[in-house]
Amino acid sequence: MEIGQRLRAVFVSALDLDEDADVEKLEYRGIEAWDSVGHITLVAAIEDEFEVQLDTDQVLDLSSYKAALDLVTQLLA
């Protein structure tokens with residue numbers, strides 16, 4: 001499974017979204033589930049799935065699905 005598909009599955013699971021949710025357009029605080037608590041849940045799920053450790057700046061910069069995809073892709077390169 002490619003990074004984008006894996007990341008999409010993480011978003012769906014961590015934010016408790018419908019399987020057909022359009023995660024590619026999601027932004028922090030753009031939906032009720034992605035509040036500050038949802039953000040920490042999402043960060044932990046990304047770290048677990050991709051076996052990475054995000055630093056404080058990376059956690060703060062994780063403001064959208066696109067930003068998360070760019071970050072994970074960079075970390076795994």
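These are my notebook entries on a predicted model of a single chain.

**Entry 1: the overall layout**

I began by counting elements, and the chain has four helices and zero strands. Reading from the N terminus, I noted the order α-α-α-α. I then looked up the radius of gyration: at 11 Å it is close to the 11 Å that the globule rule gives for 77 residues, so the chain is as compact as a globular protein of that length. The C-alpha trace spans about 30 × 30 × 20 Å along its principal axes.

Next I wanted to know how much of the chain is buried, and I found that 39% of the 77 residues count as such. I also checked contacts between residues with a separation of 6 or more, and 47% of these join residues 24 or more positions apart.

**Entry 2: helix 1 against helix 2**

For a helix pair, I look up the angle between the axes and the distance between the axes. How do helix 1 and helix 2 cross? Helix 1 covers residues 3-14 and helix 2 covers residues 36-50; their axes come within 9 Å and cross at roughly 140°. Angles over 145 degrees would count as roughly antiparallel, so I put helix 1 and helix 2 down as oblique to each other. I noted the crossing of this pair as right-handed.

I listed the residues that make the contact. Helix 1 brings Ile3, Arg6, Leu7, Val10, Phe11 and Ala14, while helix 2 brings Thr41, Leu42, Ala45, Ile46, Glu49 and Phe50. Sorted by class, these residues are nine nonpolar, one polar and two charged.

**Entry 3: helix 1 against helix 4**

I moved on to the pairing of helix 1 with helix 4. Here the axes are 10 Å apart, and the packing angle is about 130°. Helix 1 and helix 4 are therefore oblique to each other, and I recorded their crossing as right-handed.

Which residues of helix 1 and helix 4 make the contact? From helix 1 I wrote down Ile3, Gly4, Leu7, Arg8 and Phe11; from helix 4 I wrote down Tyr65, Ala68, Leu69, Val72, Thr73 and Leu76. By class, this contact has eight nonpolar, two polar and one charged residues.

Going back over my two lists, I see Ile3, Leu7 and Phe11 of helix 1 in the contact with helix 2 and again in the contact with helix 4.

**Entry 4: a look at Val72**

Val72 sits in helix 4, which covers residues 65-76. Is Val72 buried or exposed? Its relative accessibility is 1%, and Val72 therefore counts as buried, given that the cut-off is under 20%.

I then asked what Val72 touches, leaving aside neighbours within four places in sequence, and found Ile3, Ile46 and Phe50. Val72 and Ile46 are 26 residues apart in sequence, and their C-alpha atoms are 8.3 Å apart in space.

**Entry 5: two positive phi values**

Last, I turned to the loops. Arg29, in the loop between helix 1 and helix 2, is not a glycine, yet its phi is positive, at about 65°. With 56% relative accessibility, Arg29 counts as exposed.

Glu51 lies in the loop between helix 2 and helix 3, the latter being 56-61. Glu51 also has a positive phi, near 50°, in a residue other than glycine. I noted Glu51 as exposed, with a relative accessible area of 74%.

Conventions
Residues are numbered from 1 along each chain as its sequence is written. This is a predicted model: local features need pLDDT of at least 70, side-chain atom pairs count only at pLDDT 80 or more; totals for chains, interfaces and linings use all residues. Side-chain values use heavy atoms; hydrogens and water are left out. Axes are lines fitted to C-alpha atoms, for helices over the stretch in contact, and angles run from 0 to 180 degrees between N-to-C directions. Angles under 35 degrees count as roughly parallel, over 145 as roughly antiparallel, 65 to 115 as roughly perpendicular and the rest as oblique. A crossing is left-handed if the near helix is turned anticlockwise from the far one by less than a right angle, and right-handed if clockwise. Contact means heavy atoms within 4.5 Å. Ala, Val, Leu, Ile, Met, Phe, Trp, Tyr, Cys and Pro count as nonpolar, Asp, Glu, Lys and Arg as charged, and the others, Gly among them, as polar. The radius of gyration is taken over C-alpha atoms; the globule rule is 2.2 Å times the number of residues to the power 0.38. Buried means under 20% relative accessible area, exposed over 50%, partly exposed in between (1.4 Å probe, protein chains only).
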